[in-house]
Amino acid sequence: MAINTKLELRQAHGLVMTPQLQQAIKLLQLSNMELATFVEGELERNPLLEQADADEPSNTADQPSPAAKSEEGSSEATGAESGTSDEGDWVNLETGNDSGRTDDLDAEPQDVFPDAENFTPGAVSDSGWSGLTQGPRPDIDQGNNLEAYVAEEKTLRDHLAEQLSLAFSDPARRLIGQHIIDMTDEAGYLRGELDALAELLGAPPELIEETLKVMQSFEPCGVFARDLRECLTLQLKEQDRCDPAMAGLIDNLHLLATHDLVALKRAAHVSDEDLCDMIAEVRRLNPKPGLKYGSSPTQPIVPDVLVRSLPDGSYYVELNSDTLPRVLVNQSYYATVSKSALRKEDKSYLVDCLQTANWLVKSLDQRARTILKVSQEIVRQQDAFFTYGVRHLRPLNLKTVADAISMHESTVSRVTANKYMATNRGLFELKYFFTSAIPATSEGGTHSSEAVRHRIREMVDAEPAAEVLSDDKIVERLKGDGIDIARRTVAKYREALGIPSSVQRRRLKRIAMGAGA
């Protein structure tokens, strides 16, 4: 076979994922907290990026136009958009008299000392207070931070450590006790093996068991338990209520979880009335006693989109400006530094930083506009939900929104990921408004699966104790409301909502009626 060489010319279409395009796609699916972290990292890496002041005026309007009943598209000027001007946005900082600037404080004197104009040098010394040393100004050094004046909340470990120092005087027992405290989680449960602790400290296992037994009497009651059964037992012993019948109930908590009252009554050897009283008493116990002390605060969800109702019945959609990073490209700094850059590597580095900064600003602006555009279409599609409630939530998929705003489904999917909308109905994730369709009994009609789940929840909450609804009865009622649904679908929705079966609900209602009596 002969081997030869030849030249060929071909044309082909292909999508090239440039680093800038990859960054834009990445920014689109980030949450507001992840985006803030990413922008902070870019600010540290790129010397041409600057953090804009929150009160700095933007070059474009900061508010979008009303949505939901208007066909005109509206735009949202992000904080990043304020850095896209052709002129140097920071040129005015280079002009003016710099004699009044204090480099050490990075602020103007009148901003730090508001009464500096009326200050006289002899006022302090003549008042008799000149002998006192000047301490830190809280309003200056801590930036008017009110959290600096709030007492620190005592944690569970601090509370247990205080009791440990009072319970033991032996240094060996205190050392063992401190290790046991370190093995305790926020709920107060002991996580770890005592045999491993004995091997680590070289102490007898009996000594560690004795120390643990003493520490299990600490407050809060039930702390240092190794499982739920032991936690409840410690609390019942503290109340002097751990009799044989109650111990039989605690040893069969799995029967209580499945609401098998017949087997539970047989295990505890009590009557129906006594069993109801014992179950009510167990429910008053605290299964996680440690959470009352300094548990880690839950990070609140900050909405990305705000929806307000207008007097004319339409809805006003806007972006939450608090979640939008405000960055600027320092053109004047680039002009100054580029003049002094002599080496080719330095010039290449500056050009790369400028291109990266400009692309980041444009990507942030495009991200904000895309989120606003998708949110406005969601509000327009689900206007009945905002007006009347969950019952009127319509079936909606990504393709419907994507076709309406001339975008790809993948773009809409990225926009709705980890984004939240604050409405008159509460705070919802954008993906909440995308639900599957359930056919109606009449031709051509559909119902949202989320609306059907809401109706199932309403039916179960309103059912009387004497007439608990089975899945078949729920299907009959839904079909009476015009919803064509199968029994297995009702069972699936009921389990997803955490609703027990009709047999378990009937047992629970009997227990509640017995406890009330």
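What share of the contacts in the chain with a separation of 6 or more comes from residues 24 or more positions apart? Such residues account for 63% of these contacts, a contact being heavy atoms within 4.5 Å.

This is a predicted model, in which local features need pLDDT of at least 70, side-chain atom pairs count only at pLDDT 80 or more, and totals for chains, interfaces and linings use all residues. Residues are numbered from 1 along each chain as its sequence is written, and side-chain values use heavy atoms, with hydrogens and water left out.

Begin with the whole chain in cartoon view. The chain has 23 helices and eight strands; these are DSSP runs numbered from the N terminus, helices being H or I of at least four residues and strands E of at least two. Of its 517 residues, 37% count as buried, that is, under 20% relative accessible area, with exposed over 50% and partly exposed in between (1.4 Å probe, protein chains only).

Next, select Met 421 and Phe 433. Within the largest nonpolar core, which has 29 residues, these two touch the most other members. A nonpolar core is a set of buried Ala, Val, Leu, Ile, Met, Phe, Trp, Tyr and Cys residues joined through side-chain atoms within 4.5 Å. Now highlight α16 (344–381), one of the elements giving two or more residues to this core; the largest share, six residues, comes from α16. Around Met 421, the residues touched include Val 305, Val 379, Phe 386 and Phe 433.

Finally, select Cys 221 and Cys 231. The structure holds zero disulfides, a disulfide being a pair of cysteine sulfur atoms within 2.5 Å. The sulfur of Cys 221 lies 8.0 Å from its closest cysteine sulfur, in Cys 231, and is therefore too far for a bond.

Methods
Lists of a residue's contacts leave out its neighbours within four places in sequence.
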